[in-house]
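Try each task before you read its solution.

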Amino acid sequence: MIRHVFLWNVRRDAGPDAGQRILDALNRIKDEPVPAVSWTLGAHAPAPGSEESGGRWQYGLVCDYENQEHLQSYYSTPEHAAVVDEIVPLIADRAVCDFEL
């Protein structure tokens, strides 16, 4: 099993709905054309009452694929490429980590 972790922050000048637009775009490729074994996506949820966000990242996606080939087939789809083209202009910075479970 390969876990894919994608963390990102939204550009300040991307507009108030940019975070939701990114979440919506990513959710469009959750099940098609290459369905993940698991898919969890959302905004950072700081601890109640904390003055700071408690983290460097505003949003995260964690998904699992059967093996490296399965993950590479997800990366290689035109749908994934289209979503990347759509969301990259809205993202200030990002981190990706793929590792074996």
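**Exercise 1.** Find which residues make the nonpolar surface patch of about 350 Å².

Solution. Pick out Met1, Val37, Phe99 and Leu101, which make up this patch. Patches take residues with over 30% relative accessible area and no salt bridge, joining like charges within 9 Å and nonpolar side chains (Val, Leu, Ile, Met, Phe, Trp, Tyr) within 5 Å. The areas come from the Shrake-Rupley method with a 1.4 Å probe, and for residues only the protein chains shown count as cover. Next, look at Phe99: you'll find it in strand β4, residues 91–100. Its relative accessibility is 33%, so Phe99 counts as partly exposed (buried is under 20%, exposed over 50%, partly exposed in between).

Before going on, a word on the ground rules: this is a predicted model, where local features need pLDDT of at least 70 and side-chain atom pairs count only at pLDDT 80 or more, while totals for chains, interfaces and linings use all residues. Residues are numbered from 1 along each chain as its sequence is written, and side-chain values use heavy atoms, leaving out hydrogens and water.

**Exercise 2.** Work out what parts of the chain the Arg28 and Glu86 pair ties together.

Solution. Start with the contact: the two side chains, Arg28 and Glu86, form a salt bridge at 2.4 Å, N to O (the rule is a side-chain nitrogen of Lys or Arg within 4 Å of a carboxyl oxygen of Asp or Glu). Now place them: Arg28 is in helix α1 (residues 18–28) and Glu86 in helix α3 (residues 78–87), so the pair links parts 58 residues apart in sequence. Helices (H or I, at least four residues) and strands (E, at least two) are DSSP runs, numbered from the N terminus. By the salt-bridge rule, the count comes to 5.

**Exercise 3.** Decide whether Arg11 and Asp13 are exposed or partly exposed.

Solution. First, their side chains meet in a salt bridge of 2.7 Å, N to O. Arg11 has 36% relative accessibility, so it's partly exposed. Asp13 reaches 56%, so Asp13 counts as exposed.

Technical notes
Buried means under 20% relative accessible area, exposed over 50%, partly exposed in between (1.4 Å probe, protein chains only).
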